[in-house]
Amino acid sequence: MVSVPSVKLNSGKSIPVIGLGVWETAQDVAGTIVSKALDVGYRHVDSAACYYNEQEVCEGIASWLKKNPSAKREEIFYTTKIWDPEHGYEKTKKAIEESLEKAKSIDYIDLILVHSPQSDDERRHGTWIALQEAVDSGKVKSIGVSNYGVKHLKELLAYPDLKYRPTINQIELHPWLARPDLVEFCQKERIEIEAYSPLAHGQRVNDPKLDYFAKKYNKTNAQILIAWSLARGFIVLPKTATESRLLPNLQSIDVKLDDEDVKTLNSWDEHLVTGWDPLDYPLDSEKKA
Ligand SMILES: NC(=O)c1ccc[n+]([C@@H]2O[C@H](COP(=O)([O-])OP(=O)(O)OC[C@H]3O[C@@H](n4cnc5c(N)ncnc54)[C@H](OP(=O)(O)O)[C@@H]3O)[C@@H](O)[C@H]2O)c1
């Protein structure tokens, strides 16, 4: 079984540096794929309210824990996210309750992220206050954001009632999308970066530019891409619903890219966004301008 190291968040909690993404993982396979992932060594799963598989993912974790009584709930890290229409204090409180209800088989949620900044200044603020209260309740261990640009992070860090800083910013990152300014800002502020769509949503796994590196390290193209995220110091979230890909993706942990090769991969940046790009979503002051 592969053992994946963890990093410490500014909340004091530890998070394994590779997590299984479950966006587009259908409800009827989510529990099984999560259980198989735990069998080979994954200890971190990344879901969201809008993936419509929170309950199945949590039940997959719970049933695996039952089958493996020597393993403890605390060894597994489960993330979910508050979807954009649920921004604002009251709506987010309700959304947290709903996610907790879906996670009742595993008792608590390790991390809740604000899925994106797409609402308005007041509602983003209310959402953060509701999340801070969830941490105080003990049912949510850490909170963070996703798809936040520098301006959204600056806004959050300046809240007068800020009690908990964001632990994480989860953003799309791969060699074709490097976001150097945002990465530098997060690292300076001790906000860990999670790289989503590390395989460019599967679109660049067969890019012939990867062949040289795959040959040099005797690894697959996907393993080179996951290893690049790790070499950059990111927590990385490859998704697969294919059982045979679970282990090789996780084994990327053993791939140590040379500094020169990391630099070469960094140079491929072409701002390729494979999903959505809410990082420039306007603040209220920009909307009025
Ligand atoms: N916060 C956000 O806004 C946001 C946005 C996007 C993603 N995410 C998170 O990040 C996770 C990963 O991102 P993603 O799902 O966009 O894409 P990804 O991990 O970059 O790529 C997934 C695609 O690559 C395929 N794949 C996986 N392993 C492979 C391998 N070894 N060789 C060839 N193909 C492989 C998968 O197919 P199979 O499944 O068929 O194997 C799937 O089609 C998501 O699941 C989600 O948890 C977050």
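H271 sits in the loop between α10 (259–266) and α11 (284–288). Its phi is near 50°, a positive value in a residue other than glycine. Keep in mind that this is a predicted model, where local features need pLDDT of at least 70 and side-chain atom pairs count only at pLDDT 80 or more. Residues are numbered from 1 along each chain, and side-chain values use heavy atoms, leaving out hydrogens and water.

- H271 is partly exposed, with a relative accessible area of 48% (buried is under 20%, exposed over 50%, partly exposed in between, with a 1.4 Å probe and protein chains only).
- N147 is another non-glycine with a positive phi, about 60°, and its place is in the loop between β7 and α5.
- N147 counts as buried because its relative accessibility is 0%.

**Helix α4**
- α4 covers residues 121–137 (helices are DSSP runs of H or I, at least four residues; strands are runs of E, at least two; both are numbered from the N terminus).
- Its buried residues include W128, I129 and L131, and what covers the buried residues includes β5 (77–82) and α3 (89–102).

**Helices α1 and α2**
- α1 (residues 27–40) and α2 (residues 54–67) pack at about 40°, axes 8 Å apart (axes are lines fitted to C-alpha atoms over the stretch in contact, and angles run from 0 to 180 degrees between N-to-C directions).
- The contact (heavy atoms within 4.5 Å) involves, among others, V34 and L38 of α1 and I61 and W64 of α2.

Terms used: Expected span 1.5 Å × (residues − 1).
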